[in-house]
Amino acid sequence: QVQLVESGGGLVQPGGSLRLSCAASGFTFRNHVMRWYRQAPGKERELVATISLGGITNYADSVKGRFTISRDNARNTMYLHMNNLKPEDTAVYYCKAIALGAWGQGTQVTVSS
């Protein structure tokens, strides 16, 4: 079955960086548009970034210029490189294939001094 496993979260100071990974299995990863979402406490889940089959990317305005989404189809893995992190980036981050219903367990990112 479809499995998505996010990893790489943690506690980081403002201005710091993290790289999140999303390991996918149970479907043909290279044939799917992939997305990163996040959900902060008390808020709705929001779209962070999208990457197409050919590597075209799109970002929420709040992360543009700071976050970079990428994919490695040979490893069935997607990444989110996050730079210049801010306290408002604190959230649980999830990956998802647009066309599939499954969600992973998420990885917690906390930005705090």
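This is a predicted model: local features need pLDDT of at least 70, side-chain atom pairs count only at pLDDT 80 or more; totals for chains, interfaces and linings use all residues.
**Group meeting: a strand-only chain and its disulfide**

Cys22 is buried, and Cys95 is buried as well.

What do Cys22 and Cys95 form? They form a disulfide, with their sulfur atoms 2.1 Å apart. The cut-off applied for such a pair is 2.5 Å, and by this rule the count comes to one disulfide. Where do the two partners lie? Cys22 belongs to strand S3, residues 18-25, while Cys95 belongs to strand S9, residues 91-97, so the pair ties together parts that are 73 residues apart in sequence. As to its geometry, the torsion about the S-S bond of Cys22 and Cys95 is about 70 degrees, and the disulfide is therefore right-handed.

Let me turn to secondary structure. The chain has ten strands and zero helices. Read from the N terminus, the elements run β-β-β-β-β-β-β-β-β-β.

Strand S9, which holds Cys95, also takes part in an open sheet of six strands. Their order is S2-S10-S9-S4-S5-S6, and the pairing is mixed. At the edges we find strand S2, residues 10-12, and strand S6, residues 57-59, each of which pairs on one side only. On average, neighbouring strands of this sheet are turned by 25 degrees against each other, direction ignored. As a reminder, strands of a sheet pair through backbone hydrogen bonds, and they may do so in parallel or antiparallel fashion.

How do strands S5 and S6 run? They run antiparallel, and three bridges join S5, residues 46-51, to S6. Within this pair, Ala49 stands opposite Tyr59 in S6.

Finally, the chain as a whole. For 113 residues, a compact globule would have a radius of gyration near 13 Å; the chain has 13 Å, which agrees. Along the principal axes, the C-alpha atoms fill a box of roughly 40 × 25 × 25 Å. Buried residues account for 43% of the 113 residues, with Cys22 and Cys95 among those that are buried. Of the contacts with a separation of 6 or more, 53% are between residues 24 or more positions apart.

Thank you for your attention.

How values were computed: Residues are numbered from 1 along each chain as its sequence is written. Side-chain values use heavy atoms; hydrogens and water are left out. Two strands pair if DSSP finds at least two bridges between them. Helices (H or I, at least four residues) and strands (E, at least two) are DSSP runs, numbered from the N terminus. Axes are lines fitted to C-alpha atoms, for helices over the stretch in contact, and angles run from 0 to 180 degrees between N-to-C directions. The radius of gyration is taken over C-alpha atoms; the globule rule is 2.2 Å times the number of residues to the power 0.38. Buried means under 20% relative accessible area, exposed over 50%, partly exposed in between (1.4 Å probe, protein chains only). Contact means heavy atoms within 4.5 Å.
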